[in-house]
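Colleague: I would like to learn how to read this structure, one feature at a time. Can we start with strand pairing?

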Amino acid sequence: MNFLARLWDAIVGELRVGDIGEAMRDAIAVREAFHFSLLGIRIVVADSVVVTWGVMVLLAIAAFFLGRRLKEIPKGMQIAVEGLVDGVVSVCANAMDRKLAERTAPYVGTIGLFIAFSNLTSILKIPPPAKNPAFAIALALATIFYVIATGIRMVGLKGFWQSLLYPNKALLPFKLLDYMIKPISLSLRLFGNVFGAFILMEFIYIVVPAVIPGVLGLWFDIADGILQGLIFAYLTVIYIGEILENAHEAQARAKLQIRRRT
Amino acid sequence: MDTGLIALGAGLAIAIAAGGAGLGIGLAAGKAFEATARQPELAGRIQTLLFTAIVFIEATAIYALVVSLLLIFAFR
């Protein structure tokens, strides 16, 4: 018993509950990277924005070097990249036919990779940008606008309107409400998952700084971050597929009614 | 505000939601296994559906997590 108590003291040391709270608050706070003034307005750039710039530059460089000198018969890295692109297209093909899937794949793949790599920064002990709610909200808003725009591009404005009215006209307000809830749900899911994992990891780093963070980090830093990117991309596809399906069903029903009348 | 009550509220918020989400995911997974056992040839499709369902069920627990984090860090 005495040995256990000494071991506990050795691991935890002088830590008090108040210290943990103080350290956690320090870890959670959104830091200012730098600020500049534009037209007399002070614009603060948070640290997570700088991290996303880093991720963007990394992905852009990777895309430039991997997309260069493509050969008819793939070799080396080209095989891996083609596999990735094919994976993204087949995820999109779950909800729509192949030709449309190839048109949505660029956005879906970009957003999935971007979120996955932004979350992976926590391996390097850089706070992941998704712990700032602004990151999640911005991506969710971009995605919902993309979903609506793509839906309209694929089925036309009339088809989109029909998809809003599809099972019943009385559902229109709820369908409109749905388009407001979707970005909230998307952003809260991303923010909540990453923030929760980040806080848990910070807590473990403070309380037990050895061995255990390495084991738990495999899930919370690596697998969970990639999974969130995958889920975000997948939900984008599902939302687009929902519009397409509703529009097609509505058009099929309209055709059936015309045939019945004649 | 009373710190103890806030801590209690944050704990309760995530506890109830986690219970509900766990129950929901358990039910969904159980039914998915049953369906896969009945029709193993549809395993891929069922798995996709299961993941979709789990994402939506899990969202409720995540909302509760956000609420309890807000309680802890915003209303202290």
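**Hairpin, helix pair, cavity**

Modeller: Start with one pair of residues. Phe36(A) has Ile43(A) of β2(A) as its bridge partner. Keep in mind that this is a predicted model.

Colleague: Which residue of β2(A) is the bridge partner of Glu32(A)?

Modeller: Ala46(A) is the partner of Glu32(A). Now take the strands as a whole. β1(A) covers residues 32-38 and β2(A) covers residues 41-46. They pair in the antiparallel sense, over six bridges.

Colleague: How many residues lie between the strands of that hairpin?

Modeller: Two residues separate β1(A) from β2(A).

Colleague: On to the helices. At what angle do α6(A) and α7(A) pack?

Modeller: The angle is about 150°, and the axes are 8 Å apart. α6(A) spans residues 133-165. An angle over 145 degrees counts as roughly antiparallel. The packing angle therefore makes α6(A) roughly antiparallel to α7(A).

Colleague: Is the crossing left-handed or right-handed?

Modeller: α6(A) passes α7(A) in a right-handed crossing. Then check the classes in the contact. The contact of these two helices has 20 nonpolar residues, three polar and two charged.

Colleague: Which residues line the largest cavity?

Modeller: The lining consists of Leu186(A), Arg189(A), Leu190(A), Gln228(A), Ile231(A), Phe232(A) and Leu235(A). Sort that lining by class: five residues are nonpolar, one is polar and one is charged.

Terms used:
Residues numbered from 1 in each chain as written. Chains lettered and ligands numbered in written order. Predicted model: local features only at pLDDT ≥ 70, side-chain atom pairs only at ≥ 80, totals over all residues. Heavy atoms only, no water. 1 Å grid on protein atoms, 1.4 Å probe; cavity = no way out; pocket = protein on both sides within 12 Å on 5 of 7 lines; lining within 4 Å. Nonpolar A, V, L, I, M, F, W, Y, C, P; charged D, E, K, R; others polar. Axes fitted to C-alpha atoms, helices over the stretch in contact; angles between N-to-C directions. Helix = DSSP H or I, 4+ residues; strand = E, 2+ residues; numbered from the N terminus. Parallel < 35°, antiparallel > 145°, perpendicular 65-115°, else oblique. Left-handed = near helix turned anticlockwise from the far one by under 90°. Pairing = 2+ DSSP bridges.
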